[in-house]
Amino acid sequence: MEEEKFDLEAFVENEVKSVQVVDLHTHLFPPEHDELFLWGIDELLNYHYIVSEFFMVASSDVTSQAFFAEYTEEKRSDLIWTTLFVLRTPVSEACQGVIRVLSRLGLEKHLKDDTLDSIRAWFHERQKDPREYAKTIFELAGIKYVVMTNIPFVEEEARYWENQVNFDKTLFKSALRVDQVNKLMRITITVIRISNSMFFLHY
């Protein structure tokens with residue numbers, strides 16, 4: 001009887017694929033945080049690494065001032081899609097990340113489209129149940145949970161904590177971003193020192 005060979009490569013691949021990961025530093029927010037819950041093709045394409053890559057090859061007619069101050073998010077996405085994905089081969093790590101996301105979501109047939117209309121329509125349909133969409137993304141990515149980067153000094157975020165908005169804490173864990181606390185403390189200490197100096201100079 002011939003001994004069955006052990007396929008080490010297949011074993012390792014299956015084990016790695018079955019492991020859930022924990023994202024210890026994310027800027028994601030739960031769907032219940034409304035406009036802070038960033039998702040969809042326009043958010044993907046406006047990711048800062050992709051925007052930086054866009055400006056490396058963008059037409060000189062597109063200024064950074066106009067791009068950020070005058071263009072809508074959709075217009076920026078359209079420019080990026082045309083420049084990096086239609087007119088060029090998206091070979092960079094950032095662009096490949098967008099390709100992988102869309103492929104995992106079953107949107108391969110739209111990757112050669114000249115416009116984002118059909119992809120936007122697909123995401124628009126998911127707006128009906130953003131919680132279910134978030135769970136789907138976590139499952140596809142093999143994510144157990146993420147640890148948010150929470151800054152309670154930002155008014156747009158603080159109101160959700162003050163109002164104790166409920167969300168799925170098994171998927172989204174909260175964590176305080178301490179560098180903002182340190183910055184505030186340094187400013188406070190500086191103000192105190194200046195105040196003390198002025199007091200002694202006065203007297």
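Predicted model: local features only at pLDDT ≥ 70, side-chain atom pairs only at ≥ 80, totals over all residues.

Trainee: Okay, which residues of the largest nonpolar core touch the most other members?
Mentor: Those are Ile 41, Leu 45, Ile 80, Phe 85, Leu 102, Ile 119 and Phe 123, out of 29 residues in that core. Helices H2, H3, H4, H5, H6, H7 and H8 each give two or more residues to this core. Apart from it there's another core, of 10 residues, including Phe 29 and Leu 171.

Trainee: What does Ile 80 touch, leaving out residues up to four places away in sequence?
Mentor: Leu 45, Ile 50, Val 51, Phe 54, Phe 67 and Phe 85.

Trainee: Let's take Val 51 then. Is Val 51 buried or exposed?
Mentor: Buried, because its relative accessible area is 6%, and under 20% counts as buried. Val 51 sits in helix H3.

Trainee: And how far apart are the C-alpha atoms of Val 51 and Ile 80?
Mentor: 7.4 Å, although the two are 29 residues apart along the chain. Beyond its neighbours within four places in sequence, Val 51 also contacts Leu 45, Asn 46, Phe 67 and Phe 68.

Trainee: Switching topic: at what angle do H5 and H6 pack?
Mentor: About 100°, with the axes 11 Å apart. The two helices are therefore roughly perpendicular to each other.

Trainee: Which residues meet there, H5 with H6?
Mentor: From H5, Trp 81, Leu 84 and Phe 85; from H6, Cys 95, Val 98, Ile 99 and Leu 102. By class, that contact has 7 nonpolar residues, no polar ones and no charged ones.

Terms used:
Residues numbered from 1 in each chain as written. Heavy atoms only, no water. Core = buried A, V, L, I, M, F, W, Y, C linked by side-chain atoms within 4.5 Å. Buried < 20%, exposed > 50% of the residue type's maximum accessible area, 1.4 Å probe, protein only. Helix = DSSP H or I, 4+ residues; strand = E, 2+ residues; numbered from the N terminus. Contact = heavy atoms within 4.5 Å. Axes fitted to C-alpha atoms, helices over the stretch in contact; angles between N-to-C directions. Parallel < 35°, antiparallel > 145°, perpendicular 65-115°, else oblique. Nonpolar A, V, L, I, M, F, W, Y, C, P; charged D, E, K, R; others polar.
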